[in-house]
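Me: Could we go through this model together? I have a few quick questions.
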Amino acid sequence: MTMDAIQHQTSAGGAEPVAQRGASLWADARRRLARDRWAMLCLGIIAFYVLLALGGAMYEALAAPEGGIPTFEETINFDQSYRPPSLDSLRNLLGTDWAGRSVLLKTVLGAKVSLTVGLMSNLIAVPLGLMLGAAAGYFGRRTDAVIVWLYSTMASVPGIVLLIAMKYAFKNVTFLGLNLGGIHGLYIALGVTAWVGTCRYVRAEVMKVRELEYVLAARAVGRGNVMILLRHVLPNVLHLGIISFSLGVVGAITAEVTLSYLGLGVEVGMPSWGTMIDGARMELHAGRWWELASAVGAMFLLVLALNIFGDRLRDALDPRLKNV
Amino acid sequence: MLIYIIRRLMWAALTIFGVMVLTFLLFRVSAGDIAGAVLGEKAAEAQKATWRHKFGYDLPWLINVHRNLLIISKVGGDKPLWAKDTGSSRARQGWSLVLDAPPGENYPPNTVLMSGYIRGLDESTSIHALGSGGPSATNEDPTGSISFGLGDGSTLDVPVDGVKTIGDLMQRINGHAANNGRLEARITSLSVAGAFNSQFFRHLKTSLLFEGESLKHSGQSLKSIIAKHGKYSLAVQIPAVAIQWFIGMILALFVAYYRGRWPDKIGVFMSVLGMCVPFLAFMIYGQALMFHLGLPQHAAGTIYRGNLYVPVAIMVIASLGGHVRFYRTIILDETGRDYVRTAQAKGLPLTTILFKHVLKNCMLPILTSLILAIPFLIMGSLLVENFFGIPGLGDRMITSINDRDEPIMNGLVFLTAVIYTAGILLTDLCYAVFDPRIRLK
């Protein structure tokens with residue numbers, strides 16, 4: 001049987017599209033994802049949230065105290081408090097909170113916080129995990145032992161406790177002009193705790209990659225360890241970083257909501273889904289359901305889209321994990 | 001095998017040590033002003049210094065190569081030596097230098113410590129009285145006198161006006177006209193054993209022996225807290241984990257049986273949906289449902305049976321999605337193997353293959369996940385206990401972190417880490433026993 005016949009047979013028999021000859025990993029993954037309706041739908045939802053977040057950021061940038069556009073704090077109007085959702089105006093579409101502020105605006109600003117936290121914490125965690133995992137897997141021996149020791153230690157302490165303790169330690173701490181008691185501390189705390197998963201994943205893969213012929217060939221022509229690691233090994237495990245990133249955002253968003261709910265997340269007064277849930281949970285008994293429902297619903301949809309997209313991305317980028 | 005076990009044990013010990021370093025960095029080094037958190041931010045600096053000394057928070061961090069000034073009563077007698085700043089007005093609440101009896105064992109009896117731990121302390125080290133008031137109070141020159149109460153009940157008043165250095169103070173005490181060798185002031189000498197009298201080594205010792213005592217509620221030791229609150233956590237967590245495992249397993253086998261067909265697709269989709277609902281929402285809506293059903297007594301507390309059922313039900317429902325998906329993955333991993341094809345070829349019915357052969361082979365990873373859930377079993381779910389007013393260890397952990405109750409939070413975190421590490425060790429040994437391939441590596 002020729003190669004073409006096998007390819008033909010598999011593509012006819014299975015639902016999985018087969019890579020065209022010559023397509024790179026990235027091009028292949030892009031093609032797989034583009035054909036995946038679910039992945040595209042979820043990507044659309046994520047893009048929608050990103051637009052919302054950008055809109056929220058733009059609003060915050062444009063709104064000036066005592067200027068044309070009122071800031072979020074200036075929209076307080078106690079005559080308007082606890083209005084149920086109505087189609088009368090955009091402001092009241094999702095109702096108003098105890099201070100008469102628009103829940104819709106609050107939810108949009110919360111999306112901004114959630115996505116920023118997801119992005120920033122993973123910008124710390126994923127490169128850290130990639131670097132440490134690659135170093136551990138490639139160099140082995142002592143380097144490996146130290147890094148494995150480091151992450152087993154981190155993994156032995158429940159993550160939420162680590163985060164709570166760190167946020168407490170960061171209280172009233174300023175670093176490079178940033179107040180670590182608030183959202184900046186959140187980026188760092190999440191960043192330095194969330195690298196463990198990526199590191200494990202990358203380390204295991206690099207241990208396999210370093211035995212491959214092209215690494216041997218690179219060594220044979222006299223490339224140094226660092227160059228082999230940076231030019232030959234890392235690019236071949238970079239897709240694991242992308243996968244970790246997409247799934248790590250979910251973890252960061254959940255952690256932000258939990259910490260803000262406990263009063264340890266963002267600064268006091270900053271609208272986020274966690275503070276919305278914390279503030280609105282007692283109002284459910286009074287029949288004021290909309291603020292809680294908005295925060296929970298917004299978070300649910302985003303996490304769902306990110307989870308499904310992350311899974312599909314992993315399937316597309318790491319074909320060996322398929323059907324698992 | 002023995003070498004493998006020894007290697008694993010050493011690795012576990014290293015991890016435990018790592019956890020102690022981590023908790024030391026988190027709860028001590030970066031914890032900020034614990035004295036201020038316990039006594040109140042506005043407490044006088046002198047009072048805070050005394051407190052810090054009493055609980056050992058003024059010790060050097062790593063290695064104690066620091067000296068201090070000791071005052072030793074030489075007259076015998078059974079009364080404890082005390083020192084009081086009498087000269088100052090109430091506005092100056094006293095000398096921060098005057099501290100309690102030192103905690104170290106290598107001091108002679110009837111001793112008080114008059115200075116903090118200072119590196120390179122000698123007779124030329126300058127001294128000052130700390131001002132009263134908040135942390136911003138300025139240091140002042142000593143005035144008035146210090147009154148010492150000796151072991152036999154007599155007192156000695158030492159004027160300290162114009163004292164600038166440690167040497168001056170020692171001169172005033174040792175050369176006092178009425179002293180006659182009753183009271184000796186001297187600078188401590190360094191010793192090897194004393195080098196380990198530091199915060200880090202003390203932290204290691206209290207952690208390993210589970211020795212801590214609450215800073216906020218005096219008399220509550222860590223052990224009594226674990227004994228008292230642990231049972232609430234276990235009462236909620238054991239049924240929750242057992243039911244999660246049981247229902248999750250059954251559902252996972254069900255969807256794996258229908259692999260690729262609609263029950264599987266619906267099952268997986270529902271699992272993903274369940275995984276994406278925030279845990280907080282499950283709790284809040286679950287509690288609201290109790291109010292809605294007219295059962296408000298079941299919404300929080302520990303009096304009624306429902307107070308147990310509701311949190312357990314919520315934990316089971318909230319985690320079911322993740323469990324089903326995880327178990328399904330493991331089961332499907334197994335069903336692709338050769339022995340399953342062989343069994344099929346032999347003509348065994350699918351139920352026998354699934355429940356007898358596949359399930360047996362899935363047990364190891366599933367047991368692993370169960371063992372790794374043990375620490376959370378004891379620590380409980382922090383959020384659930386906090387939300388439903390269950391006084392378990394998780395709830396206690398949150399309160400102790402809020403209170404900056406360092407010995408308690410450190411002890412509870414350490415307990416979790418120890419149990420987790422022990423669980424991993426146990427799992428690895430189980431793997432080695434049941435899977436000969438690992439043993440041979």
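Me: Is helix α7 (residues 183-193) of chain A mostly covered or mostly open?
Reply: Helix α7 of chain A is mostly covered, with nine of its eleven residues buried, where buried means that 20 or more other C-beta atoms, placed from the backbone, lie within 10 Å of the residue's own. Helices here are DSSP runs of H or I with at least four residues, strands are E runs of at least two, and both are numbered from the N terminus. This is a predicted model, in which local features need pLDDT of at least 70 and side-chain atom pairs count only at pLDDT 80 or more, while totals for chains, interfaces and linings use all residues. Residues are numbered from 1 along each chain as its sequence is written, and chains are lettered from A and ligands numbered from 1 in the order in which they are written.

Me: What covers those buried residues of α7(A)?
Reply: The cover includes α4 (103-139), α5 (141-156) and α10 (225-261) of chain A, and among the buried residues are His184(A) and Tyr187(A).

Me: Switching topic, how many residues does each chain give to the contact?
Reply: Chain B gives 34 residues and chain A gives 30, contact meaning C-beta atoms, placed from the backbone, within 7 Å. On the side of chain B that touches chain A, the largest share, seven residues, comes from α1(B).

Me: And which strands make up the open sheet in chain B?
Reply: Three strands in the order β4-β2-β10 form that sheet, with antiparallel pairing, and strands pair if DSSP finds at least two bridges between them. Strand β2 (residues 69-73) of chain B and β10(B) are joined over five bridges, and Leu69(B) has Ile187(B) as its bridge partner in β10(B).

How values were computed
A residue is buried if 20 or more other C-beta atoms lie within 10 Å of its own, exposed if 12 or fewer, and partly exposed in between; C-beta atoms are placed from the backbone. Two residues are in contact if their C-beta atoms, placed from the backbone, lie within 7 Å.
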